[in-house]
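Work through the exercises below with the structure open beside you, trying each task before reading its solution.

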Protein chains: 2
Amino acid sequence: MVLRKKERTYSRYSTDAVILLGKLIQLARKERKISESDLADRAGIARSTLQKIEKGDLTCEIGLVFEVATIVGIKLFDAESRLTMQIERADDKIALLPKAVRKSRKRVDDDF
Amino acid sequence: MVLRKKERTYSRYSTDAVILLGKLIQLARKERKISESDLADRAGIARSTLQKIEKGDLTCEIGLVFEVATIVGIKLFDAESRLTMQIERADDKIALLPKAVRKSRKRVDDDF
DNA sequence: GAGAAATGACCGCTAAAAACTTCATATGAT
DNA sequence: ATCATATGAAGTTTTTAGCGGTCATTTCTC
């Protein structure tokens, strides 16, 4: 019995965002004259995985992608205010909202 | 023989960035009064996976995280200029650099 | 307060990702 | 031009993330 591959759909934005991130990583790596092997070693991942990341493969673990990005100096969030501070602010906002959402009555609501 | 779990290290920034992203997603979800199940369904993922994403689990696939973020309206890159345009610009910059990096002489260089 | 729904946490299974390896080719420093 | 090495592209093995399920608890609506 052949198991069909699980079809996964991604929005155009998600796809493009990951591709862009991968290219920014590659660009930063080359500007800093770091080889794939070197960067992979520093990040503690396989070179093949780094190649997937730079290609914008959507299946890579977000932790690995962010780690590589961080190593080559790419910040995804404004470093202006510390991340921990932003996290706290998000927590505060969440605390103000109801802890459990109660509403959607099976409204799938395809928004278009 | 006990196999030790592969130790993976992440920088503070990566960890915090993913946690922040997860919280921003949860915040956006609650503001829009969408339940975990609903959002998971819309994204085509399991509720357990969404929970991991909102907790900032570093092992989640980047595509799933970005997809969920996109659904609740979070943009990681400036939507001012189109992403495709930014991708092209990155490509152009990369094209100007040497195709193969040549330099690092086994400098592991633990930077601290 | 009652009841329905949302959330939090856990677990086994399996498809799939990451690691590891190899090889060919392209590339750049000398 | 030489040659060490960076890159591209597989194939295989190992590890693991996502799924789907369960159950207890909390929370919101009425």
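**Exercise 1. The two protein chains**

How many salt bridges does the rule find across the interface of chain B and chain A? Describe the interface as well.

Solution. Keep in mind from the start that this is a predicted model. Step one is the count: the rule finds two salt bridges across the interface of chain B and chain A.

Step two is to name the partners. The side chains of Lys23(A) and Asp91(B) meet in a salt bridge, with 2.9 Å from N to O. Asp91(A) forms a salt bridge with Lys23(B), where the closest N and O atoms are 2.9 Å apart. Asp91(A) lies in helix 5 (residues 83–96) of chain A and Lys23(B) lies in helix 1 of chain B, so this pair joins two chains. As for accessibility, Asp91(A) is partly exposed, with a relative accessible area of 30%, while Lys23(B) is buried, with a value of 18%.

In it, 59 residues of chain B are in contact with 59 residues of chain A, and the two chains bury about 5500 Å² between them, 66% of it on carbon and sulfur atoms. The rule also finds 22 residue pairs in polar contact across this interface, both residues of a pair being at pLDDT 80 or more. On the side of chain B that touches chain A, the elements that give two or more residues are helix 1 (12–31), helix 2 (36–43), helix 4 (62–71) and helix 5 (83–96) of chain B. Helix 1 of chain B gives the most to that side, with 16 residues. Sorted by class, the side of chain B that touches chain A has 28 nonpolar, twelve polar and 19 charged residues.

**Exercise 2. A serine in helix 1**

Is Ser14(A) buried or exposed, and with which residues is Ser14(A) in contact, leaving aside its neighbours within four places in sequence?

Solution. Begin with the location: Ser14(A) lies in helix 1 of chain A. Next comes accessibility, and because the relative accessibility of Ser14(A) is 0%, this residue counts as buried. Finally, once the neighbours within four places in sequence are left aside, Ser14(A) is in contact with Leu58(A), and also with Phe66(B), Glu67(B) and Thr70(B).

**Exercise 3. Salt bridges within a chain**

Which residue forms a salt bridge with Arg12(A), and which forms one with Arg47(B)?

Solution. Start from the general idea that side chains of opposite charge can pair when their charged atoms come close. A search of the whole structure finds eight salt bridges over all chains, and two of them are taken up here.

Arg12(A) forms a salt bridge with Asp16(A), the closest N and O atoms being 3.0 Å apart. Because these residues are four apart in helix 1 of chain A, about one helical turn separates Arg12(A) from Asp16(A). Arg12(A) is exposed, with a relative accessible area of 58%, whereas Asp16(A) is buried, with a relative accessible area of 8%.

In chain B, Arg47(B) forms a salt bridge with Glu36(B), with the closest N and O atoms 2.8 Å apart. Arg47(B) lies in helix 3 of chain B and Glu36(B) in helix 2 of chain B, so the pair ties together parts that are eleven residues apart in sequence. Arg47(B), at 42% relative accessibility, counts as partly exposed.

**Exercise 4. Around DNA strand C**

Second, examine single atoms. For Gln51(B), a polar side-chain atom lies 3.4 Å from a base nitrogen of DNA strand C.

Third, consider the surface near DNA strand C, to which helix 3 (47–55) of chain A and helix 3 (47–55) of chain B each supply at least two residues. The residues of this surface divide into eight nonpolar, six polar and 15 charged.

Terms used
Residues numbered from 1 in each chain as written. Chains lettered and ligands numbered in written order. Predicted model: local features only at pLDDT ≥ 70, side-chain atom pairs only at ≥ 80, totals over all residues. Heavy atoms only, no water. Polar contact = N/O pair within 3.5 Å; in protein donor to acceptor, adjacent residues only side chain to side chain. Nonpolar A, V, L, I, M, F, W, Y, C, P; charged D, E, K, R; others polar. Contact = heavy atoms within 4.5 Å. Buried area = accessible area lost by both parts, 1.4 Å probe. Salt bridge = Lys/Arg side-chain N within 4 Å of Asp/Glu carboxyl O. Buried < 20%, exposed > 50% of the residue type's maximum accessible area, 1.4 Å probe, protein only.
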